[in-house]
Amino acid sequence: MIRVLIIENDQPVQQAIKHTFQQIASVDYQIEWQNALFLKSLTRTDFDILILATPIDWQTAHQQLHQVLKLELSQPVVLLTTNYDVEFEQQAIAQGADDCISISEITPVFLNHAIRHAIQRKATEAKMAHIATHDRLTGMANRYLLYQYLEHAINLAKRSASQFAVLFIDLDKFKFINDSLGHEIGDMLLKLVSQKLKACVRETDIVARFGNDEFAILLENGGTCRNVALVAEKIQDALQPAIKIREHELFITTSIGIASFPECGIEPESLMKSAEMALHKAKETGRNQYHFFTQELNKQARLKLELERNLRRALINREFEIHLQPQIFSKTNSIAGAEALLRWNHPKYGFISPEIFIPLLDELGLLVGVEAWVLNSVCSLAKKLTDQYGRLRFSVNISGSHFKTGNLKENIYLALQASSLEANFLEVELTEDIMIEHVEHNSEMLKELKDIGVSIALDDFGKGYSSLSYLKNFPADILKIDKAFIDQLVNDQRNSAIVEAMIDLSHKLGIKVVAEGVEVASQLKHLKTIGCDYIQGYYFAKPMPIGDFENFLSHSDKLLRVINNELN
């Protein structure tokens with residue numbers, strides 16, 4: 001049965017239409033008549049199609065159609081005219097009418113076809129609109145629809161002087177699950193997470209899949225910051241229990257960034273950008289956290305963008321510098337060499353922390369090129385200083401990106417060749433995460449470097465995974481104990497035992513040990529007692545420019561006497 005609502009006040013026309021419907025035997029039509037256009041009555045949903053009779057005045061007809069279309073009905077709207085007019089029909093269809101039929105041309109077949117076609121076309125349009133505005137996997141609103149909801153929420157909040165909040169949600173380490181268990185399991189997990197998110201908020205709140213493993217929630221009239229925080233905590237609590245998918249038990253956590261209107265933006269784009277900044281801050285603080293956007297975050301983001309622009313020309317403008325921190329023989333207190341550290345002397349902000357600019361270099365794809373420059377510069381300097389002062393070893397930090405590009409070995413060969421430096425005066429430092437990722441491939445390449453005389457150092461040992469199985473297979477010459485262990489070396493007996501065990505194990509594997517972050521004489525004395533090979537830290541010297549390091553080398557005898565006096 002098809003329910004038809006017809007707005008027509010002319011009795012003869014009503015009779016003609018009734019008669020036409022009665023001659024349609026193939027379909028059961030239920031007709032309801034209204035003598036005038038009452039817009040409020042059209043908001044109900046108990047009809048399938050609206051047939052709107054138009055007045056003779058075309059301007060009035062267009063105004064009535066405009067009023068009806070503003071209601072955004074889910075049912076098709078068909079105009080009924082007294083006489084056929086091509087120009088009016090074209091204008092009405094362009095305005096948004098689903099069809100336009102003339103009383104003078106109505107036949108049972110034509111009327112039946114027009115109604116069925118309008119309903120089918122409207123259903124197809126609704127289906128296509130749903131596909132365009134909803135995520136196919138989860139059925140949630142997509143980014144496009146979310147931005148429409150945000151526009152509506154902003155307009156409403158401006159009129160009522162109210163506030164609302166946006167939560168930007170990212171699933172921590174979802175990529176690992178997707179890559180290791182496959183996309184089918186990943187998709188099933190996303191569906192379950194979307195259901196849990198919807199269960200955490202009110203029916204009036206909007207939950208959208210923003211992209212891949214990112215979701216967004218629009219909390220209209222969310223209340224105070226504390227109320228919004230409670231929603232974030234509710235989401236994290238809901239995802240805390242293991243999620244069972246087939247034979248897999250999956251543990252998922254979320255990082256959440258929160259932005260509120262109007263403090264964090266007055267447009268959908270700026271609001272979502274603020275929430276995204278807060279999300280990144282939440283991830284930086286350890287994941288499974290939530291963070292509110294602040295103006296300080298905005299300031300940091302603007303600075304980051306400025307630094308990104310400046311970094312692209314920093315090498316050309318000679319803003320990068322190499323500083324050297326001495327490494328000292330534990331037994332003799334003489335200088336064994338130095339670690340080369342990259343510094344950026346920004347023309348506006350001065351020295352920028354490596355913790356800020358090195359990740360930016362990596363994000364921009366510039367880190368490998370800068371490290372190649374460092375290798376060349378250090379090898380040239382090492383050649384000059386070893387010719388003048390004798391045997392010294394200079395270490396250069398190498399990133400995971402340099403390994404992934406596959407040209408690390410070539411860059412080292414070229415730097416040694418260009419400088420004429422003997423390979424045994426060069427050391428490359430790697431962190432544990434590089435060692436663990438693709439360990440077999442990396443170990444093979446490092447063995448080739450060892451074969452020509454380059455030393456391999458494992459940096460920050462104890463800070464990350466510190467797997468002894470990896471250490472056994474890793475071709476390391478030097479192990480550098482992280483500063484975190486050295487800080488409590490003297491005061492913490494358990495800490496001291498761990499450091500002593502690291503040194504003993506390393507020596508049994510034929511690996512020398514460097515203690516990083518040595519700052520006081522008591523630490524130095526203890527490290528000497530337990531057999532640490534090399535010492536590095538502020539106790540001897542901070543990282544220094546090349547000229548200061550050369551001066552340090554030339555006065556090393558004086559340094560040796562001072563240290564011996566302190567220790568004795």
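Predicted model: local features only at pLDDT ≥ 70, side-chain atom pairs only at ≥ 80, totals over all residues.
Student: What makes the lining of the largest cavity nonpolar, polar or charged by class?

Tutor: The largest cavity, with a volume of about 30 Å³, is lined by Ile6, Ile17, Ile51, Leu80, Ile101, Ile106 and Leu111. Leu and Ile count as nonpolar, so the lining has 7 nonpolar, no polar and no charged residues.

Student: Why is H12 called roughly parallel to H21?

Tutor: Two packed helices are described by the angle between their axes and the distance between the axes. Helix H12 (residues 367–389) and helix H21 (residues 546–554) pack at an angle of about 15°, with their axes 12 Å apart. Angles under 35 degrees count as roughly parallel, and therefore H12 is roughly parallel to H21. The crossing in which H12 passes H21 is right-handed.

Student: How do you know which residues of H12 and H21 meet?

Tutor: Contact means heavy atoms within 4.5 Å, and by that test Leu381, Lys384, Leu385 and Tyr389 in H12 meet Ile546, Phe549, Glu550, Leu553 and Ser554 in H21. Sorted by class, this contact of H12 with H21 has 6 nonpolar, 1 polar and 2 charged residues.

Student: What makes the second largest pocket a pocket rather than a cavity, and which residues lie nearest its centre?

Tutor: A pocket is an open set of points, whereas from a cavity the probe cannot get out. The second largest pocket holds about 770 Å³ of space and is lined by 22 residues, of which His280, Glu284, Gln300, Ala301 and Lys304 lie nearest its centre. Helices H9 (268–284), H10 (295–314) and H11 (354–363) are the elements that give two or more residues to this lining, and H10 supplies the largest share, 10 residues. By class, the lining of the second largest pocket has 9 nonpolar, 3 polar and 10 charged residues.

Student: Why is the peptide bond between Phe261 and Pro262 pointed out, and what is the phi of Lys173?

Tutor: Most residues other than glycine have a negative phi, and most peptide bonds are trans. The bond that joins Phe261 and Pro262, however, is cis, with omega about 5°, and Pro262 is found in the loop between strand S11 (254–261) and H9. Lys173 has a positive phi, near 55°, although it is a residue other than glycine, and its place is in the loop between strand S6 (164–171) and helix H6 (174–181).

Terms used. Residues numbered from 1 in each chain as written. Heavy atoms only, no water. Axes fitted to C-alpha atoms, helices over the stretch in contact; angles between N-to-C directions. Helix = DSSP H or I, 4+ residues; strand = E, 2+ residues; numbered from the N terminus. Parallel < 35°, antiparallel > 145°, perpendicular 65-115°, else oblique. Left-handed = near helix turned anticlockwise from the far one by under 90°. 1 Å grid on protein atoms, 1.4 Å probe; cavity = no way out; pocket = protein on both sides within 12 Å on 5 of 7 lines; lining within 4 Å. Points joined across faces, edges and corners; volume = space filled by probe spheres on them.
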